[in-house]
Every structure is written in C-alpha cells, then in structure tokens.
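The sequence and structure are shown first, and a description follows.

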Amino acid sequence: MKRVSVPELNARLSEFGEGDEISIDSCSGQDFVLNGNQSSAKFSLRGDVGDFSFLAVGQGDATLFGNTGNFLAHSIQSGMITIKGNLSDAGAALGTAGLLSIHGNAGHRLGLALQGAEIVVRGNVGDLAAMAMRSGTIIIGGNAGKEFGKGFHGGTIYIRGEVESVSPEVDEV
C-alpha cells in the first residue's frame, strides 16, 4: 500500500493503475480530492474532504472514513465510492454510472439530475432529493425531507422511512 498526501495524489493520478492501493491518512477538509480519476486503483482516505471532491470519477474504488462537503461524486461515471460518514449537499449530481454508498446521512439535493448511477444511503436525506432525476436508482434507509422528487422524470427510488412531502411528478414511493 502506497501512502501519499492529497496534493501528491492529485498530481500523480495518472500514474496509479490496477492493483495499486493508495492510502491517505489526513485529508484535512481539502477540496477537489481525486477529481478526474480514471485509474482502476483502490483509494482509502481518512478524514473529512471538502467541496467538489471525487468529480468525474471514471474507474476505481474509493472509501472515505470521514464526512464530505458539497457536490461529492458529481458526474460519477463508474466505480464505487463509499462514504463511512455523512455527505453534505448535492451528492452524485449528474451521475451516469457507478455506485455512491453513504453509511450516514445525506444533505439536500441528493441525486440531482441523476442519469443512471446508483446511490445507497443508510440514514436520512434532506430536502429536494432525487430532484430532476432521469434514471438510476436511489435507496434510502431512513427518512426523506420536503419536495422529494421535484422535477422527477424517471428511475427507481426505495425509501424505508417516512417522506416529509413528495412532489406530484413522482408516481409512487
């Protein structure tokens, strides 16, 4: 297992490949972690990450032991991202493939304009989840906030808990 810092990781993303296991012990709330990753390496990160991390992830797996800022996994294309903590706002917006697994709670606008990716949240989600969702799957183990599915066009949603209010665009929850 290779240990690197976040700046070193972002500068060297193209060097990592299949079979590489990369560990980062302290993300220190940094933004823009693992953006544009196209390698098939496995990443393990400890600590919180800031906004706009894991953008346009194309391959590989990443596990974060901490919490995240806004717009995590925006435009996820494949691979799997596991968050063993909480997600702030707008997770997996515009995601076309891949899996985002959140072991805590997720904030507002989860799955905004989702286009095929899969999202699993063990806890609760905030308002406007699945907003403008086109395709894909969202599974929520807890409760959902207001205006769930506003602008919904398609996809599959499963919710174990209660929904505060459902938008009229959603046929059945």
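## Overall fold

Along the sequence, the protein chain of this predicted model follows the pattern β-α-β-β-β-β-β-β-β-β. In total there are 1 helix and 9 strands. The radius of gyration is 16 Å, close to the 16 Å given by the globule rule for 173 residues, so the chain is as compact as a globular protein of that length.

Taken along the principal axes, the C-alpha atoms fill a box of roughly 50 × 25 × 20 Å. Of the 173 residues, 46% are buried. Among contacts with a separation of 6 or more, 7% join residues 24 or more positions apart.

## The sheet

The 9 strands form an open sheet with parallel pairing, in the order β1-β2-β3-β4-β5-β6-β7-β8-β9. Its edges are β1 (2-3) and β9 (156-159); each has a single partner strand, so one side of each is left without a neighbour in the sheet.

Strand β8 (residues 135-140) runs parallel to β9 and is joined to it by 4 bridges. Ile 140 has Ile 159 in β9 as its bridge partner.

## The cavity

The count comes to 1 cavity of 30 Å³ or more, and the largest cavity has a volume of about 30 Å³. Its lining includes Leu 34, Phe 43, Phe 54, Asp 61 and Met 80.

Two strands, β4 (61-65) and β5 (80-83), each supply at least two residues of this lining.

Technical notes
Residues are numbered from 1 along each chain as its sequence is written. This is a predicted model: local features need pLDDT of at least 70, side-chain atom pairs count only at pLDDT 80 or more; totals for chains, interfaces and linings use all residues. Side-chain values use heavy atoms; hydrogens and water are left out. On a 1 Å grid over the protein atoms alone, a cavity is a set of points where a 1.4 Å probe fits but cannot get out, and a pocket is an open set with protein on both sides within 12 Å along at least five of seven lines; lining residues have an atom within 4 Å of a point. Grid points are joined across faces, edges and corners, and a volume is the space filled by probe spheres set on the points. Two strands pair if DSSP finds at least two bridges between them. The radius of gyration is taken over C-alpha atoms; the globule rule is 2.2 Å times the number of residues to the power 0.38. Buried means under 20% relative accessible area, exposed over 50%, partly exposed in between (1.4 Å probe, protein chains only). Contact means heavy atoms within 4.5 Å.
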